[in-house]
Each structure stands twice: as structure tokens, then as C-alpha cells.
Amino acid sequence: MENAFAPISEACVKALSDKTYEKRKVAALEIEKMVTDFKTKKNMTQIKRIIDVLSRDFVRSNDSNKKKGGLIALAATSIALGKDTEKFIEDIVNPIMNCLIDNDNRVRFFASESLYNVVKVARGAVLPFFPSVFNALSRLVTDPDQTIKNGSEILDRLLKDIVIESSQTFDLQAFIPLVRERIMVKSSFARQFIISWISVLNAVPEINMVFFLPEILHGLFQILEDPLPEIQRMCESLLAQFLKIIKLDPGAADIPTMTNVLIVQAQSSNPLIQFYAITWIKEFVQLSGGEILCFASGIFTAILPCLAFESEAKKNIKDCANAVNLHLLELISNGEDKQRNLSYLDLSSVMEVLRQYLVHSPVPTKIAVLKWVHHLFTEVHDEMSEHANKLFPVLLRDCLSDSSDEVVLQAIVVLAEIVNSATVQGNDFDQTQYRQFLVELLNLFSENNTFLEKRGTLIIRQLCRLLNAEYIYRTFAEILLEERINLKIASTMVRTLNMILLTTSDLFDLRNMLHDIRNEKSASLFECLYKCWAHCPVSTLSLCLLAQCYQHVSEIVTLFADIEITVDFLVEIDKMVQLIESPIFASLRLALISHSNDNADAQHLSRALYGILMLLPQTEAFHLLNNRLKCVPNYWSQPNKISSKSTNESQCNIKFDELFTYFKYVQDLHHQKRVEKRKKNQF
């Protein structure tokens, strides 16, 4: 009967199937000799017959010993063939590849060893099967058997050498999908395998891996989160290599596509991923110039939260995010390329992102956003005007109520810029934008009295610095007079405005204007403020002292005898006495000894201050004022009749009688309100 395994002898077949490695090895050497003889005789048919038998009856057998024998024999066949292995490469490699996924550890080991020997002989001839070999290798590096892992590393190094040798013919287009499929794996060994391959190919001058970088960049950043420091370092090194290449030739890189990837990675919860993503964004901003502004909204989403990092561990991320932020600001305000740069900016999407970060964000993030909004209003005012209405509620309701003074102050800077940019220039006081803004602000104060007491002074002072202080005070007074507002809020608001007026250096010019009520404009402002200030008697008194209406001050003090003296009233009087000793009221103190106006103003002022002294309990304020009055000449020995034509009031067109009547009217309203409140409390 004919031998079914011919030309392999039955003895050789039996030895190849033996359970002992030594016998299988001897049989493989016999096959190697046979193949060598057939090769010498150029009998390729018989060689093909041997390979078919080894593949069909051994490697594909269910008997593990036969598989092992067949694998060794195929490797021996390849060694015997040498360069001629190329003629049978498919028939040799495919059976071996099937055994790489066998359940038996020893079969997988011998398959790995056999493939190594075949590849070592075949060299470049194996490249057409590279995808299959690469797939097999990617599994072997994660094999639970350490001997198989060790064997796969040797095969891996050999395959890399062959690819480098054949770099000009290597099919990179086929390789990249293989990497893309496996780069998201979680196994550290598989990640190391992928990184090593990308690094090797990237180091080959003839291979342009940067061209394919957008397809694998996301996966590379994910590898940074690997728990093994060694893998992290490998990935960091590879990313550094890529970035260096891109910086040398930015035109060769698809920066827009990669920027989108980086924006996503920059929002990672992993600090290392976040740092490298923002570092890359920083470099791309510098490399791309204005073109990067088309990604501004995404970049803001990535970097703005990082500006609030406080821990030392994240300081490098914060610093890098700050650098990106500054570079973007420079692009917007770059004089030469400003218009070109702005053409890339999608203002609507940018403003949507910025507006979102104004709410429920940490303080540093809000500050950065507010500075951006202000910068945009400054640089692209016309385009920003349509976004003002959407910004206003957020700035008023959220930012001005923020617990941080810095946020509040910066928000007012933005609000002032919006108001100023929309205000018609001129001397007309009917400024619609001012009024709308201040009405909203006053409503905010009205809704939350605590907010007014805690934040009112800060907000109003900053507004007066940035806007026209006269407009601010006049408009507030007009609103308080015209709008139906809670009397308590009105009183609190007046006290706040009055204290700012008397203590803030920024209102020096406004105080000087009120000093001279003989001027028609000053008189108009005084009358407007007076009617509003009437809600608070001590504030009214302070305003009249500032305007040097000493005769009227004396009349108001006399009226205090008929006004209910409350604790709040005494506290306000106490504060006013303290202010009389301040530099702002230096002219008042000098007026006490002035001989101008036939001593009329000095006498009225002296009597008014003595009246205030009599109202005070004997507190520190009482003694302070009493000591001051002891330095004043005694006017009581002079005739009581003082010429009304000599006073400051007589030299202006203000109708003080009408103002006095209005003052009493407002005070009656407050008295009625207090009476009603007491009655309600009784029940």
C-alpha cells in the first residue's frame, strides 16, 4: 500500500508525532535534509508535497503532539529552502498562524518559535502577510504564558528589523488600520507593543507617520493613563517626538483635525493626559496663528476650568492653560493681522461658551471669562453689541452676586463697557442705556436688602470710577423718585450713595460741583439729589453741609425736634460727626471762623452744629463735636437777626422752601410706615 505521507517516511511520521521533543526534533532534521536534497534537484513538486502533508496531517491535526511536530518540521523546511521559502511562503505561514491561537500553551509556544524561524529566513518575503503576522503578535504579547511572551518579543524585534529594511516598500496604509484597531486596548503589554511599533516607524526617515497621526492621536493620549510608569514614559517620549517633527514642519501636519482631538483630551480627568493635551494646544496656537481661532470655543471649554486649579500637582496644567489664554488674547488684538484673525472667530459659539462659564464656575475661571468678554467688547465692539442683551442678565444676576469681590469688580468693568459703548455721546442726561442698567441694578438691590448692604458700596464705587459719576448719581436719584419703591430700600440706598459721595476719592469732582450751587448745573444736581436724599434725614443734612447750605441745615436741625429719634438716626448722626472731622469737610470747619457773608454762614453753621450736639447723647461723638465747637468764636452775643441776603442760599436759584416742604412730606411718609409696622407687630 502506498505511503499516504510520501515522500515523508512512516518512521519519520511516527517520530514527528511522538510526545517527546527530542524525537520530534530528529524527525524535523530528517525533513530538513529531504527538502535540501529536493531543492538541489530542483524538485519543487516534492517540496510542495512535504509542505502540504505537514500542514494537513500535522499542523491542522487535533493531536497536539502532531501539531508540535508539524510546526517544527515547517520551520525546518523553511530553513532548508532559504531564499526559496518565498515560493511557498503562504503555504508555510498560514498553518503556523492558525496554531498561534491554539488552546494548548506548548502548541502556541512552538508556533511562535516556528514563525520566528520562517520569518528569519523569508525576511522581506513575509511582508505581504504583515497584517496577519502583526495581529498574531498583538495577541502573543498579552499571552498569559511568560515563555510565549518572551518568544513573541524576539519575533517582534525581528519583524521590526525587516520592516525597517523594507521601509520603501512597506505598506503603511495597511498598517495604520491595524494600529487604530488596537490602540485603545487596556492591556499594558499590548500598549507597549503598539507604542514600540509607532516609535520604530516614526524613526524611519522614509516613513511619514505624522501624516497618519490624527488617526491614532486619541489612542496615544489614552495610553498616558496606563498604571505602569514605564508605559507612560514611552508614550510621553513618542508624543514629544511627534511634536518636535510638527514644529519643524507644521505644514505637513493636519493641525485642525488634531486640534479637535486635543480639545477632547484636554477635558480628561487624568492630569497627565490633560497636561499634554493643553501643551499641544499651546504649541498649535503658536504654530497656526489666527487660523486656530476657529476652534476658540472648544479651546475655551478645555482651558477655562484649568485656570482655577489650586493644587501643586496641577500647577503645570494651570500655567499651560494660562499661556494658551494669553496667546489667544494676543491673536485678537494683534494690530497687523487683527482683521484676518477675527475672520476665523465664530463669535456666537465663543460667547455661548463664555456665558456658560460665568455661572457656577470657580473664581479664576469667571475672572478670565469676564476679561475675555471685556476684551471682545473693546476689540470687536460692533459684532459684540448683539450679544449684550444675553450677557446683561448673567452679569447682573450672577456675577454681581458672586461671593468674590474680584468677580464683582470685573463684572462691573464689563457692564460699564457695555453701557459706555451703547451710550450716545453728548451732554444730554437722558441716557437710555444708563437708566436701563441702573433700574435693573436697583431692582436687584430691592430684591435683596442684604445684597445692597454687603455689595452696594463696592458696586456703586466701581461704577463711579468707570462711568460718569454725575450721571450715575442723578439717574439713581431720578429712579428712586419716580419708581414706586420700598421706603426702607430707598432709605438704605440713599445712605449708601451718601456715604460713597462723602468718602470716595473718585468723587472729588462731584463733591466740588456740589460745593458751588450758584452754578446752574450744580444747583440742578443738588435739587435732584435732595429730593431723593429726603428719605434719610441725616443724609439730607450731610448733602446740605457739602453744598454749604448752612441756613437750610440750621432749619433742618430745628425740625429734628419733631422727628422720631430712632437708633438708626443716632447711628447716622454719629457717623456724620466723624465725617465732619475728615479732610472732605475741611471747608466746613473753616467756615465756622469765616467772616465772609457778614458771618451769616458761620453763624448758621455754628447754630446747626450746636443743635446736632444737643440731639446727641453724651457719647464719643458728642465729645468730639463739643471739642470742635469750643474752638469756634461765640456768635451768641451777636444779634439774632442775620441778613438772608448774605447766605449762600440767597445767591442761587434753588427754592429751599419747597425743598423743605418736600423733606417734611417724605419724613411723614416714613413715620406713617413705622406706625403701620408697629400696629401689625402688635397683632
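**Group meeting: helices and salt bridges in a predicted model**

Good morning. The protein chain shown above contains 35 helices and 0 strands. Please keep in mind that this is a predicted model.

I begin with the overall form. Along its principal axes, the C-alpha trace spans about 155 × 60 × 40 Å. The radius of gyration of the protein chain is 45 Å, whereas a compact globule of 683 residues would have one near 26 Å. Even so, buried residues make up 53% of the chain.

I turn next to charge. The protein chain carries 72 positive and 81 negative side chains, and the centres of these two sets lie 5 Å apart. Side chains of opposite charge can pair when their charged atoms come close. How many salt bridges are there? The count comes to 32.

Let us consider three of these pairs. Arg 123 forms a salt bridge with Glu 165, with the closest N and O atoms 2.4 Å apart. This pair links distant parts of the chain, since Arg 123 lies in the loop between helix 6 and helix 7, while Glu 165 belongs to helix 8. Arg 123 is partly exposed, at 27% relative accessibility, and Glu 165 is exposed, at 52%.

In the second pair, Glu 225 meets Lys 186 at 3.4 Å, N to O. Both residues sit in loops, and they are 39 residues apart.

Is Lys 338 buried or exposed? Its relative accessible area is 19%, under the 20% limit, so Lys 338 counts as buried.

Finally, shared partners join Lys 186, Arg 191, Glu 225 and Asp 226 into one network of salt bridges. Thank you.

Technical notes:
Residues are numbered from 1 along each chain as its sequence is written. This is a predicted model: local features need pLDDT of at least 70, side-chain atom pairs count only at pLDDT 80 or more; totals for chains, interfaces and linings use all residues. Side-chain values use heavy atoms; hydrogens and water are left out. Helices (H or I, at least four residues) and strands (E, at least two) are DSSP runs, numbered from the N terminus. The radius of gyration is taken over C-alpha atoms; the globule rule is 2.2 Å times the number of residues to the power 0.38. Buried means under 20% relative accessible area, exposed over 50%, partly exposed in between (1.4 Å probe, protein chains only). Lys and Arg count as positive and Asp and Glu as negative; His and the chain ends are not counted. The place of a charge is taken as NZ of Lys, CZ of Arg, CG of Asp or CD of Glu. A salt bridge is a side-chain nitrogen of Lys or Arg within 4 Å of a carboxyl oxygen of Asp or Glu.
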